[in-house]
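Visitor: I'm new to this one. Can you walk me through a few parts of it?
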Amino acid sequence: MKKIISLILTIALIISTIGIMGVCAISFSDLDGHWGKTYIDALINDGTINGYDDGTFRPDGTVTRAEFVKMIGKGSEKTDVVYTDVDESHWGYDYIMYSGLDVSGTQFLPDKAITRGEVLNLIWKRNGSKKGIAAPSIITNQSDNKDSVAWGYTYGIMTGDDGLHLRLDDTLTRAEGAALIVRSRAINENSPAKDFVNTVSDDILKTVFNSQILFDKEYNPNATFTNGEMARAALRFGSRQYNLTFKNVSAVNELDCEYGKEFYVVRNETLASVPNTVDFVNKNANVGDTLSEMCFNLIKLVAKSAKFETNASYPDTPTTNDIQKKYLDYAAANGINLYADGNLHPDKEITMKEFACILLQLDSLIGTQISYSSDGSGTNENLNTEVAKYPANYEDYTAIINSIPTYVYANKISSAAASESYSFASAMNKMFINPLAEMERTLAGKGIKARLTYYPTLVTNPESYFVYRIKAEITEADGASLAAAIGDKYKCADITVSKGDTVWIDLKIKLPMGDLLLFYSDAEIVNAFK
């Protein structure tokens with residue numbers, strides 16, 4: 001009997017050892033040190049994926065639709081679609097038929113690279129198609145399937161490289177596909193949700209904070225600010241003025257304190273229910289008061305029209321002030337969220353990081369920068385939030401606008417930084433717009449019709465003159481010379497323009513002596529490029 005038991009134990013040990021060796025023997029030459037090795041190993045060891053005959057896994061190779069559905073494994077339901085490009089002899093036939101991957105028509109397109117959005121939709125369906133998850137609209141608007149994006153983002157399955165841009169139309173690598181599958185398998189009802197404010201990159205939040213000169217101190221993510229500082233920041237935001245003039249606004253310093261006028265204005269705007277005391281002015285601002293006041297001033301900032309919807313509320317919205325609730329409901333209806341639980345947390349002391357997060361979402365909603373046509377009409381512009389793609393000299397500018405190509409910023413305007421003139425250029429926009437209508441007429445007289453646009457972010461003041469960059473959209477021309485059209489004012493290399501061209505032109509104009517207007521008659525064109 002002892003010999004039999006000993007033999008059985010020996011055989012068991014051998015089998016166990018073979019099993020372990022079988023798991024550990026799979027080793028690929030191109031996985032050592034790769035960021036996705038842990039995810040890949042998990043799928044290799046459960047038999048979901050394998051490598052190539054040459055001993056490589058190729059973790060950075062692009063995944064096709066057929067490859068990914070094999071990676072994720074068969075689903076529970078077979079499709080009724082008869083694919084015209086996949087027959088039963090295809091190596092991935094069973095995986096494709098039981099995949100649940102969305103298709104259009106009767107083609108599966110097995111060899112087409114799968115996109116990140118398609119992957120997210122599929123793993124969301126495989127995990128129960130959960131709905132009703134709170135995520136900000138700046139995230140959910142990136143997809144037609146808002147539920148899958150909210151789920152994937154909130155549970156950390158797909159947050160992008162910067163916590164903001166999910167790149168849903170991009171393809172993905174074998175390693176990225178493995179990572180998404182393994183992460184999704186770990187999600188259950190007890191999985192912690194991730195707050196937007198703690199997921200989005202701090203580089204983005206700092207950049208957005210600095211895109212407006214609203215506070216008199218530098219960005220510090222954990223720093224708080226007082227109700228007085230908040231009031232001044234909100235009014236600067238809505239008026240495009242750093243040095244507030246309170247023009248056409250009743251502003252009385254009832255409390256005889258530093259922020260008295262600003263506080264008087266914001267109490268009349270949205271905060272009528274807060275205490276009218278110096279102590280409250282000096283108390284740290286909270287999330288609810290700040291958000292309502294910033295929404296109010298966002299509407300003032302809108303150059304044309306904004307859809308004012310208030311058909312939703314935060315579960316914990318204060319109800320003591322109807323005006324404040326109106327603007328908080330506006331924020332809720334437009335999907336402004338900081339926290340994964342969907343609550344506002346109105347009484348929480350707000351930090352600069354949370355303020356920047358609000359500003360980021362307000363910008364995505366309407367656009368917090370403004371450009372001006374030659375007739376003075378304004379257009380709200382969104383910030384470029386892809387900070388990793390900024391030009392090396394981005395700090396020369398207060399804000400990088402999404403509609404302006406990166407090369408425009410990389411081409412220096414003058415020796416001075418545009419950031420030094422931003423506040424003045426914003427507040428005195430009419431001064432800089434004035435030459436544009438005359439310039440349009442001059443060009444039209446020479447056969448070049450153009451729409452000229454002024455950007456306060458593209459103004460410099462190197463010495464006793466301004467150099468500022470305008471956009472010229474050519475609506476009518478046929479290989480016309482700019483130098484010939486502009487004449488003696490043209491002081492740079494000539495370029496030709498045709499209909500459909502966009503040209504960037506730098507105007508150099510001396511500072512006005514009395515009247516605060518610039519005139520085309522005093523201008524020189526010192527740079528022009530396409």
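Guide: We can start with T84. Setting aside neighbours within four places in sequence, T84 touches T106 and Q107. Keep in mind that this is a predicted model.

Visitor: Where is T84 placed?
Guide: T84 lies in the loop between α3 (65-72) and α4 (93-97).

Visitor: Is T84 buried or exposed?
Guide: T84 counts as exposed because its relative accessibility is 59%, and the cut-off for exposed is over 50%.

Visitor: New topic: helices. At what angle do α13 and α14 cross?
Guide: The axes of α13 (residues 287-301) and α14 (residues 322-333) cross at roughly 80° and come within 8 Å. That makes α13 roughly perpendicular to α14, since angles of 65 to 115 degrees count that way.

Visitor: Which residues make the contact?
Guide: On α13 they include L291, F296 and I299, and on α14 they include Y327 and L328. By class, the contact has nine nonpolar, three polar and one charged residues.

Visitor: Now the sheet. What is the strand order?
Guide: It is an open sheet of six strands, in the order β2-β1-β3-β4-β7-β8, with antiparallel pairing.

Visitor: Which strands stand at the edges?
Guide: β2 (378-381) and β8 (523-529) do; each has a single partner strand, so one side of each has no neighbour in the sheet. From one strand to the next, the twist averages 30°.

Visitor: How many bridges pair β1 and β3?
Guide: Two bridges join β1 (residues 369-373) and β3 (residues 449-460) in the antiparallel sense. Y372 stands opposite Y454 in β3.

Note on methods
Residues are numbered from 1 along each chain as its sequence is written. This is a predicted model: local features need pLDDT of at least 70, side-chain atom pairs count only at pLDDT 80 or more; totals for chains, interfaces and linings use all residues. Side-chain values use heavy atoms; hydrogens and water are left out. Axes are lines fitted to C-alpha atoms, for helices over the stretch in contact, and angles run from 0 to 180 degrees between N-to-C directions. Helices (H or I, at least four residues) and strands (E, at least two) are DSSP runs, numbered from the N terminus. Angles under 35 degrees count as roughly parallel, over 145 as roughly antiparallel, 65 to 115 as roughly perpendicular and the rest as oblique. Contact means heavy atoms within 4.5 Å. Ala, Val, Leu, Ile, Met, Phe, Trp, Tyr, Cys and Pro count as nonpolar, Asp, Glu, Lys and Arg as charged, and the others, Gly among them, as polar. Two strands pair if DSSP finds at least two bridges between them. Buried means under 20% relative accessible area, exposed over 50%, partly exposed in between (1.4 Å probe, protein chains only).
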